[in-house]
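Good morning, and thank you for coming.

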Amino acid sequence: MNHLGFKIDKVKIASFDFTCCEGCQLQLANKESTLPAFLGLLDIRNFREISSERNDDYDIALVEGSITRSDEIERLKAIRAQAKVLVAFGSCACFGGVNSLKNKIPREEAVRGVYGDKAVETMPSTKISDIVPVDLMIPGCPVSKAEVERIIVGVVTRAPNNLPKYPVCVDCKQKLNTCLFDLGEVCLGPVTKAGCDAVCPSGKTVCLGCRGPADDMNFPSFIQIVKEKGLSLDEMLEKLAFYNGFADYLDHES
Amino acid sequence: MKVDFNIDIHHLPRVEGHGNVHISVKNGKLEKAQWEVIETPRFFEMMLRGVSAERASFLTSRICGICSISHSLASIRTLERAMEIDPPEAANAVRLLAMHGETLQSHALHLFFLAAPDFLDMPSAVPILHAHPEIVKAGLLLKELGNEMSVATTGRATHPVSLVLGGVSKAPSKQRLKELKEMIRKRHSALETATDFFRTLAIPEFVRETEFISLHNGKDYPFIGGDLVSTDGVVRDENDYLLMTNEYTTDFSTSKFTRVSRESSAAGALARFNNNTRYLGQRANEVAESFGLEAVCHNPFMNNIAQLVECHHIFESAETLIDRLLNDDLQHIRTAYEPRAGEATGAVEAPRGVLYHHMETDKNGKVVKADCIIPTTQNNANIHYDLQALAAEAVKAGKTDRETEKLCEMLVRSYDPCISCSVH
């Protein structure tokens, strides 16, 4: 393909999933109107969910899911050894995701509760950067296809890739949405990294922080606002724990 | 000629999640055929304990990236029944339209991107885009339409935003609904292109009698709630879902197996069709007839065609629903409620079959107990026994290991398994 008159080579890309719902990979097949053009940039080497071809020569690896079993650690290390750019793809890969909610339950109790006496291997859900170095993070539950396109095009054209540093509130205000705090709800918009187009508060449901903490935000003053408005701190904590993106802040609080 | 071969398919491609197929043939006889799910479990039922009812559907939608709307609505139905919340009519119509969007998206994804490559002997839909661009484009137009329905009704294609306990948090605008109706009209031709394309494919002839399980409400084609019925004549109340599943574990699979009247049973588009043919729309019925699809059909490969037939039904039903919403002032979309203790089951027809959530709440509206039984879980045993019958037939007919392998892969794919979902 050509970009501004320069010939650009297709990028060799692979997509892998670990413990997850595969919803982030599915986004790759969404935004159908630009899909053929997007595919024109890519040389798909390994993408089990949509293709039987398997080739272990790739440059970019998109890794979806968190790590919850020992065989996943070995598989992830092998991918890291091959990939020039390893992308943590979605909230499970970036932070451990909703899977981390099981970490508070003793392992034996969790296994017994679901499988009875059958022995099933599992370990606490961890983000992939706890196991291998990660080059890029694309958070979101699920990731936004528009952002994925922008970042992959950035890698292909060697352009710098930056996620917004500001919180979701900035986008939400621009859409002139009624603030959910004014409707008496605890919304994580003030502390969560933007880039999702404020999709949840625009649908009149609270932000649950799937993109993790914004770089430019004020956590203590967020807690202050929740207290001042007389909203439930328990509810705030339930929301902050939802995707495990605020684990460092929660450790700090307790 | 007596043949010996082993087939080991590790992480079967073009299905959602991680599953293996093992087949061994000795002296021209099938020794073993096994369907193994090796997906890592996530323990959603345990994670749900202590979560507030309001948040539960936002957690369970994350069980599945393809059928998140079904999971969200199964949890919402469960908790609304448990806490005696009655959502407004307009919200019910929005929810049903959301289900239609998800089903259309999921069926289009499966038919064109997962199943079709086998029939054309290609590794994925990417080379089909070059060889038959009009086919893939038709598939993309249908998938996009499904996603647009979901975005208009729930705010997002995957992991819905505005489906909430008591109704919906935001209704689609009238303008959006009119655009959606126009989009459906314009895409009838894509659906007909798709249908003509599927007419050219050779669907394998294979029959193993089984029991088909789905919802049934005696009024229309089922999507949300109803009685649990089977083609063997079983009828149960929605709350008696355990009698319709009888889950058990095996030593080779992290996903459970189920059975009802026989050693296995099946859920999904073909099961819905087999139990509810008479409630299909007119065009859907014509298409079924033109493919020779008749209840009760016991060929699992025909699940592909049943999905196509359902796409036709969705086109008809979605237009009616949009008209109903256009005639509503869309002011009453959410019922207020007080948290209370209760227990109930919510069943919905996810794209891959009947999905059960069961929850118990305490007086503060926190979930104290949860159980989720996924359609693919209900298909595991059927896939397993189908594989044995199909592989035995293939070997008897003198097929090579490569031919047998391909046929077995196609069989598993025809169930459109959602494996990570089944392990949850």
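Into which domains is chain A divided? Chain A has domain 1, residues 2-156, and domain 2, residues 168-253; such bounds come from an automatic or database domain assignment.

This is a predicted model, in which local features need pLDDT of at least 70 and side-chain atom pairs count only at pLDDT 80 or more, while totals for chains, interfaces and linings use all residues. Residues are numbered from 1 along each chain as its sequence is written, and chains are lettered from A and ligands numbered from 1 in the order in which they are written.

The C-alpha centres of domain 1 and domain 2 of chain A lie 25 Å apart. Their contact takes 13 residues from domain 1 of chain A and eleven from domain 2 of chain A; two residues are in contact if their C-beta atoms, placed from the backbone, lie within 7 Å. On the domain 1 side, helix α4 of chain A (residues 91-95) gives the most, with three residues. Helices are DSSP runs of H or I, at least four residues, numbered from the N terminus.

I turn now to chain B. The axes of helix α2(B), residues 53-60, and helix α3(B), residues 68-82, come within 7 Å and cross at roughly 155 degrees. Axes are lines fitted to C-alpha atoms over the stretch in contact, with angles from 0 to 180 degrees between N-to-C directions. The two helices, α2(B) and α3(B), are therefore roughly antiparallel, the term for angles over 145 degrees. In the contact, Ala53(B), Ala56(B), Ser57(B) and Thr60(B) of α2(B) meet residues of α3(B) including His71(B) and Leu79(B).

Methods. Angles under 35 degrees count as roughly parallel, over 145 as roughly antiparallel, 65 to 115 as roughly perpendicular and the rest as oblique.
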